[in-house]
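Subject: Structure handover

Hello,

Here is the structure we discussed, followed by notes on what was found in it. Please read the notes with the structure open.

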Amino acid sequence: MPYIKTNLELIENFFILFVTLQLLHFFIKKFKYYYLINDFFLSFAFALLGLYVNALFLLLFVLFLIAIHIFRNKPHSLNYNEGIIIVLAMNIQLILFNLSNYIISLIVYFHIRYWDIYLGQFQNTTLPLVLVINLILVFILVSIVNILDRQIMQIQNDILRYQLGKRIFISLFILLLIFMTILIISDIQKVTPLIKMSMILSFTFMTMFTYLQTIIAIQSYTMRKEAVEATERIKELDDYLTGSQQQYEELRKFKHDFQNILLSLGQVVDGQSSEEIKRYYHELMNQQSNFKIVQTSKLRELQSIKSKPLQSLLTQKFFIAKSKGINIHFELNDSDYEIKENDLSIIRIVGILIDNAIEYVQTIDKKDFTCAFMKSSETIEITIANQLADAININQIFKTGYSTKSDHQGYGLANVSNITDNSSNLFMDTKIVNNYIMMTLIVLQNQEV
């Protein structure tokens with residue numbers, strides 16, 4: 001069969017770019033059918049450019065995608081986490097395409113004992129096989145990613161939580177630059193296919209090893225940060241407990257002293273003829289009664305919460321809110337709330353929700369909110385509810401960076417989302433009823449973690 005030489009470089013270029021865009025859509029979990037039309041023309045345009053600038057078109061393509069991303073953002077800045085996905089998609093496709101080439105080269109070598117990494121005279125036959133194997137590898141990769149979706153989401157959350165995006169983006173972009181440099185210099189210097197194959201294959205495995213090391217480094221960094229945060233939270237809980245105990249002692253002493261003072265004044269007042277003095281005295285006695293009522297209704301009912309750290313947290317938040325002129329209404333439908341597990345996570349979430357409620361109601365006329373506990377046979381629901389002055393989008397409030405306050409970073413509710421996402425017995429339910437936002441933490445009591 002006579003060999004007919006055709007220039008298939010355009011097809012190769014187009015295929016690499018088009019698959020890269022599909023991987024990008026898959027990783028960011030955002031795809032619409034009309035994207036295929038845009039992807040087709042964009043890939044074809046840069047594939048044509050690749051006929052004139054060799055491997056440099058790949059780097060230009062990545063820079064173009066990053067530039068488009070920056071232009072679409074408001075303000076115009078690079079979101080490093082999305083930048084990581086762009087570079088990652090290109091790196092992965094280059095690795096898979098080169099591996100496909102090597103697999104076909106090995107098949108040809110064992111069949112006819114002829115080695116050529118680019119299979120020059122067999123390209124008409126082998127290129128379709130390379131593309132098919134590349135697609136098979138992509139499907140295998142997609143399947144693995146779907147299986148490991150929870151772990152990958154955890155890594156993404158850790159990158160967001162600890163603001164590692166910039167460092168990881170720079171590392172991956174440098175890897176891509178090195179890859180491009182190898183390809184470009186190889187084309188310019190006319191490096192032999194065997195040497196070029198060895199260089200690219202070595203770099204491919206080095207890149208894969210670097211990705212693995214990056215994941216391990218992120219996990220190690222996360223474990224260290226979580227250990228530090230856990231230590232800080234334990235210290236905060238100790239401070240809460242100590243503070244509430246001191247405040248309780250001060251209140252008890254004040255109550256005792258106040259009662260003694262009134263008793264000592266009683267006989268003096270009764271012996272006086274002034275009706276005004278008697279009136280002041282009886283008003284003070286009424287104040288004492290009111291004080292007892294406050295103690296009973298606001299704090300004593302918290303005794304039904306059997307988690308001492310949570311009880312201490314609520315007591316502390318009660319006094320903090322009181323000092324800001326804000327009332328917390330505690331509502332409990334049971335006399336025994338036992339937190340069986342995940343009490344540290346529950347304390348973190350409740351603390352964040354109450355802090356947000358305190359900060360928000362300070363800005364509106366109705367300066368109070370409700371903290372309600374509802375118990376059933378299998379769950380405990382803790383609801384923080386406050387009035388809204390303006391409409392909000394409850395689908396956005398748990399995203400990192402969202403805040404109704406201009407001078408805040410908006411990490412509080414994002415941290416709540418991270419905690420519940422990584423727990424099998426904690427769930428958040430948020431709704432707006434009669435212009436009140438109700439944020440409910442649902443704790444499954446009989447769930448194995």
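Two strands count as paired if DSSP finds at least two bridges between them. Please keep in mind throughout that this is a predicted model.

Strands

Strand E2 (residues 368-375) has two partners to look at. With strand E3 (residues 379-387), E2 runs antiparallel, and 6 bridges join the two. E2 and E3 form a hairpin, with 3 residues between them. With strand E1 (residues 327-332), E2 pairs in the parallel sense, again over 6 bridges. Here Asn-327 is the residue opposite Asp-368 in E2.

Further along is the loop between strand E4 (426-433) and strand E5 (436-444), where Asn-434 is found. Asn-434 has a positive phi of about 50 degrees, although it is not a glycine. Asn-435 is found in the loop between E4 and E5 too, and its phi is also positive, at about 65 degrees, although Asn-435 is not a glycine. Is Asn-434 buried or exposed? Its relative accessibility is 69%, so Asn-434 counts as exposed. Asn-435 has a relative accessible area of 42% and is therefore partly exposed.

Nonpolar core

The largest nonpolar core has 54 residues, and those that touch the most other members are Leu-58, Val-62, Met-90, Leu-94 and Met-180. Several helices each supply at least two residues of this core, among them helix H1 (9-28), helix H5 (123-147) and helix H8 (193-270). Helix H4 (80-112) gives the most to the core, with 13 residues. As background, nonpolar side chains tend to be buried together in soluble globular proteins.

Nonpolar surface

Tyr-52 is found in helix H2 (residues 35-53). With a relative accessible area of 71%, Tyr-52 is exposed, because the cut-off for that class is over 50%.

Aromatic pairs

How many aromatic pairs does the structure hold? The count is 12. One of them is the stacked pair of Phe-40 and Phe-44, at 6.5 Å centre to centre with 5 degrees between the planes. Phe-40 and Phe-44 are 4 residues apart in helix H2, so about one helical turn separates them. Phe-40 is partly exposed, at a relative accessible area of 41%, and Phe-44 also counts as partly exposed, at 36% relative accessibility.

A further pair is formed by Phe-46 and Phe-64, with ring centres 5.4 Å apart and planes at 50 degrees, so this pair is tilted. Phe-46 lies in helix H2 and Phe-64 in helix H3 (residues 56-72), so the pair ties together parts that are 18 residues apart in sequence. Phe-46 counts as buried because its relative accessibility is 12%, whereas Phe-64, at 33%, counts as partly exposed.

Ring pairs also link Phe-14, Phe-18, Phe-40, Phe-41 and Phe-44 into a cluster.

Regards

Conventions. Residues numbered from 1 in each chain as written. Predicted model: local features only at pLDDT ≥ 70, side-chain atom pairs only at ≥ 80, totals over all residues. Heavy atoms only, no water. Buried < 20%, exposed > 50% of the residue type's maximum accessible area, 1.4 Å probe, protein only. Phe/Tyr/Trp six-rings, centres within 6.5 Å; stacked < 30°, edge-to-face > 60°. Core = buried A, V, L, I, M, F, W, Y, C linked by side-chain atoms within 4.5 Å.
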